[in-house]
Amino acid sequence: MSYFKVTDLTVGYGGKMIVNDVSFAVERGELTGILGANGSGKTTFLKAICNILPHEGMCEMHKAQGMTKLESLSAKELARLCSYIPQRSGISIDISVLDVVLMGCNPKLGILERPNKEMRERASEILKIVGLPGKEEMNYQFLSEGQKQLCILARTLMQDAKLLLLDEPESSLDLRYRYHMLEILRKSLKEGESSAVVALHDPALALNYCDRLLLFSEGRIVGEMIPAKDSPEEMERKLMQIYGPVSLHRYEDRAGHTQLVMIKEPEEL
Amino acid sequence: MLVVLAVFSLFVGKYPLSMRELLAGNELHWRVFLTLRVSRTVVGVLGGFALGIAGFVFQTVFRNPLASPDIIGVSSGASAGAAAGILFGAGLGITTGWLGFSWVTAFAFAGALLSVILAMALSMIDRNGRNSTIVLAGIAVHSLAQTVLMCLKLTADPEKELASIEYWIMGSLNGINSHSILGNMILCMICVGAVFLLHRQIILLSMEEGEARMLGVNAGKLRLLLLLLATLMVSCVVSLSGLISFVGLVTPHLARMLTKNSRASTMFLGGIFGGCLLTFSDILARSVAKTELPVSIFTGIIGAPFLIYLIVRGRQKI
């Protein structure tokens, strides 16, 4: 039985289909990446899973008593199961970094309850993990865009949901923090026995960190890859559908780990 | 500072009071002190506090630093409602009921509530939910409330009702007495207490609706509840004092500038600044000229330059 399953998901607005009849399944502990050109429907797809956008089709998640339909859950019940990182958080007020991370406790708290001491300590620990130690009292608005994204990742980890949905979380991070973020994500999936679906802009990250990749084009899944198993030639063929001519190469880094590198080949004119 | 202003407010006014006379048991001094000065000071302190808290709620929930009870038309809606209360309440022959609740208060609240509902409905026309839309919707609602007010003034008796309505529009703490404030202030403080209990939810509403929902927030219902509480607070104050501008807009910003966060303590500080601003403005209103001046003149003199400063600061950030 799959841990998380999407069946025939279709989303459209303004008379235009953005996501068309998408189905896939995710196993427990799996990091599933979504690759696609700008405007291919990745963000709309993630928002539909979160129930932020109305849609047709069904999203189900494994719970002790069987599969639960996400569409039937209240906001609080959904937030206990799923967390979501948007491309940019809409926080526009002066607020401390610690308070942003503690927002992740909300699904576990009653409407009048406040985060307790343990939650505050856990929030500080998570801030250390994501690379923002000692920034608890700093104004969130004074952080760089990359630091803001790490802070939102900390909030997501605080939420401790079983399914993490991330929309291009690396878009405003520099090279070093991009890899750092994906390392944290993988580690947290292993520790928390949760799964993640992450839309990525950077194919190198997707190829080296994701267990499974879904290739999106015009609101449909046009290919599926397992980078650790599939041959570079097979993956090249699939990736060409969204990036045009590319070549894939396996290189060993200085620690002896193999990394996949994608090179853009010249387009035939 | 608020305590100092409050003490000062007890002794400033047309009829000079002195501590010596009060201690000597002068009956007239005590009557003025208890029925007029204490109630006026209570409205200055608690009313200003409530306006500051309401401003914090409006700015956070609408995700707009320029949103305030004035700017989104709540105050003018309440004033139009209060004018209707003056006209029709007198016709009903009831002026004061249980705990001092009056038809004017009820009509002011209804007017304010109607303004919020209308402003929110208009802002929903913009599906992108842009912050500027609510301000534009507020301007439209404000204009509409002003039109209603003008129509009501046209039908008012020039010698009695029109004077009362004009007094409302100018905004003043003059005429407040101990009989009229009890109900309003109790209701106002209950709302303030409820808003403090819901502070964490207010902060969660500062995010976009989808993001808040994914943190388990039922944004629609919660926003409505908080706006109702804030509107009720504003109505309780303006139904006693008339239109008071800039207090709800300026004081939450002052508090945030000092603390650089939006915690409950910051909201409380915004309330304290609100109390200081209204009490200080009221002291000036009854002491700078021979006749008492409208309190909004002074809240405006302090608030307007600060609004300009916010606009300039906003442009510099861009």
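This is a chat about a predicted model with a chain A and a chain B.

User: Let's start where the chains meet. How many residues of chain B are in contact with chain A?
Analyst: On the chain B side it's 26 residues, and they are in contact with 39 residues of chain A. Keep in mind that this is a predicted model.

User: How much area do chain B and chain A bury between them?
Analyst: About 2600 Å², with 55% of it on carbon and sulfur atoms. In chain B, the residues that lose the most area to chain A are B:Arg200, B:Arg213 and B:Met214. Together they make up 28% of what that side buries.

User: How many salt bridges does the rule find across that interface?
Analyst: It finds 3 of them between chain B and chain A. One pairs the side chains of B:Arg263 and A:Asp99, at 2.7 Å from N to O.

User: Which elements of chain B give two or more residues to the side that touches chain A?
Analyst: Those are helix 8 (178-197), helix 9 (199-204) and helix 10 (209-213) of chain B. Helix 9 of chain B gives the largest share, 4 residues. As for the make-up of that side of chain B, it divides into 10 nonpolar, 8 polar and 8 charged residues.

User: Switching to chain A. What order do the 6 strands of the open sheet come in?
Analyst: The order is 6-7-8-3-9-10, and the pairing is mixed. Strand 6 (82-85) and strand 10 (220-225) of chain A are the edge strands, so to speak: each pairs on one side only. On average, neighbouring strands of this sheet are turned by 20° against each other, direction ignored.

User: Do strand 3 and strand 8 of chain A run parallel or antiparallel?
Analyst: Parallel, with 4 bridges joining strand 3 (residues 31-36) to strand 8 (residues 195-199) of chain A. A:Thr32 stands opposite A:Val197 in strand 8 of chain A.

User: Which strands does helix 5 of chain A lie across?
Analyst: Helix 5 (residues 145-159) lies across strand 6 and strand 7 (163-167) of chain A, and it runs at about 180° to strand 6.

User: What about strand 4 of chain A, what is it joined to?
Analyst: Strand 4 (residues 56-63) is joined to strand 1 (residues 4-13) of chain A by 5 bridges, running antiparallel. There, A:Phe4 stands opposite A:Met61. Another 4 bridges join strand 4 to strand 5 (residues 66-69) of chain A, also antiparallel.

User: How many residues are between strand 4 and strand 5 in that hairpin?
Analyst: There are 2 residues between those strands of chain A. A:Lys63 stands opposite A:Gly66 in strand 5 of chain A.

Key:
Residues numbered from 1 in each chain as written. Chains lettered and ligands numbered in written order. Predicted model: local features only at pLDDT ≥ 70, side-chain atom pairs only at ≥ 80, totals over all residues. Heavy atoms only, no water. Contact = heavy atoms within 4.5 Å. Buried area = accessible area lost by both parts, 1.4 Å probe. Salt bridge = Lys/Arg side-chain N within 4 Å of Asp/Glu carboxyl O. Nonpolar A, V, L, I, M, F, W, Y, C, P; charged D, E, K, R; others polar. Pairing = 2+ DSSP bridges. Axes fitted to C-alpha atoms, helices over the stretch in contact; angles between N-to-C directions.
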